Amino acid sequence: MQEYRGECLCGAVRYRVRAEAPRAMYLCHCTRCRKETGTIHGANVFFRDGELEYERGEAQLSRFALEGTRKKRVFCSTCGSPMPRQDPNGMIVLPAGSLDDDHRLEPTAHIFCDSRAGWTDRAERAERLPEGPQRG
């Protein structure tokens with residue numbers, strides 16, 4: 001059994017997941033995941049039959065389900081950070097960016113690549129800076 005911990009951006013919500021190794025980590029390029037995250041793709045880790053426990057801030061969580069789809073999300077009502085959720089079938093969906101320590105993660109696949117943003121392939125050519133851009 002492994003343990004994964006994380007929190008939202010503002011620190012109001014903190015969680016712990018206890019589970020065996022992840023079943024998969026998908027980088028999803030579908031339009032819904034891009035809209036949900038505001039980024040190039042969603043990055044979610046999937047666990048089967050684990051335990052999700054909120055150590056603090058569970059009352060801060062908001063939930064959203066897009067009608068007519070399987071799209072669901074749980075997020076901090078203060079800062080909007082996506083937080084883990086557990087489906088009735090036991091599957092835990094954990095947003096990878098919320099983890100304190102992500103060194104054990106190994107992406108399984110990019111999915112819904114036909115829906116990716118038009119600039120996705122050009123992002124690989126962008127300059128890589130060790131920190132933010134210099135002001136001036």
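A65 stands opposite K72 in strand 7, where strands are DSSP runs of E with at least two residues, numbered from the N terminus. This is a predicted model, in which local features need pLDDT of at least 70 and side-chain atom pairs count only at pLDDT 80 or more, while totals for chains, interfaces and linings use all residues. Residues are numbered from 1 along each chain as its sequence is written, and side-chain values use heavy atoms, without hydrogens and water.

**The sheet around A65 and K72**
- Strand 6 and strand 7 (residues 72-76) are joined by five bridges in the antiparallel sense; two strands pair if DSSP finds at least two bridges between them.
- An open sheet of three strands, in the order 6-7-8, has antiparallel pairing.
- Strand 6 (61-65) and strand 8 (82-83) are at the edges with a single partner strand each, so one side of each has no neighbour in the sheet.

**Overall fold**
- The chain contains two helices and 11 strands; helices are DSSP runs of H or I with at least four residues.
- Along the sequence the pattern is β-β-β-α-β-β-β-β-β-β-β-β-α.
- The chain's radius of gyration, 16 Å, is close to the 14 Å from the globule rule for 136 residues, so the chain is as compact as a globular protein of that length. This radius is taken over C-alpha atoms, and the rule is 2.2 Å times the number of residues to the power 0.38.

**Burial and contacts**
- Of the 136 residues in the chain, 36% are buried, meaning under 20% relative accessible area with a 1.4 Å probe, protein chains only.
- Among contacts (heavy atoms within 4.5 Å) with a separation of 6 or more, 61% join residues 24 or more positions apart.

Note on methods
Buried means under 20% relative accessible area, exposed over 50%, partly exposed in between (1.4 Å probe, protein chains only).
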